[in-house]
Amino acid sequence: MTVLANGALRQLLPAVLALAGTAFSFGVTATPSHAAASYYSVTLASPLTAPKRFINGETPWACAGTECSAPRDTSRAEVVCARLVKKVGPVARFATPEGELAADDLTKCNGGK
């Protein structure tokens, strides 16, 4: 009987491991990308009335209150900022892991000269 149980376990183990691996990989890929890969960190000049998720260009944004975040875009930060302002209004702070936009760039982003 022990030989039969050992043989059954040997056949069952790869299937159990495959199932566990599939469940793990599904959990990883089902995580929202904006939470896992925030690159832009933005503070709006005025709070939004309700949380907002939208695609701007090809970039998915998530905003709540005065905070917005998104994964990296292929455009320059100044261009991404200007596109965002058209959707949600003036920005008080626009930052990436490399640093914040300079004051004059932030003014241009908000539509100033």
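Predicted model: local features only at pLDDT ≥ 70, side-chain atom pairs only at ≥ 80, totals over all residues.
1. Start with C63 and C68, which are joined by a disulfide with an S to S distance of 2.0 Å. The link is right-handed, at 115° about the S-S bond. Both ends are tucked away: C63 is buried at 3% relative accessible area, and C68 is buried at 3% too.

2. The other pair is C81 and C109, with sulfur atoms 1.8 Å apart. This link is left-handed, with -80° about the S-S bond.

3. Counting bonded cysteines along the chain, the pairing reads 1-2, 3-4.

4. Now the largest nonpolar core, which has 21 residues. Those touching the most other members are V42, W61, C81, L84, V91 and F94. At least two core residues come from each of β1 (40-44), β3 (59-64), β4 (67-70), α3 (77-88), β5 (91-96) and α4 (103-109). Helix α3 gives the most, with 6 residues.

5. V42 is worth a look on screen. Setting aside neighbours within four places in sequence, V42 is in contact with W61, T66, E67, C68, L84, V91, R93 and F94. One of those partners, C68, is an end of the disulfide to C63.

Definitions and conventions: Residues numbered from 1 in each chain as written. Heavy atoms only, no water. Core = buried A, V, L, I, M, F, W, Y, C linked by side-chain atoms within 4.5 Å. Buried < 20%, exposed > 50% of the residue type's maximum accessible area, 1.4 Å probe, protein only. Helix = DSSP H or I, 4+ residues; strand = E, 2+ residues; numbered from the N terminus. Contact = heavy atoms within 4.5 Å. Disulfide = S-S within 2.5 Å.
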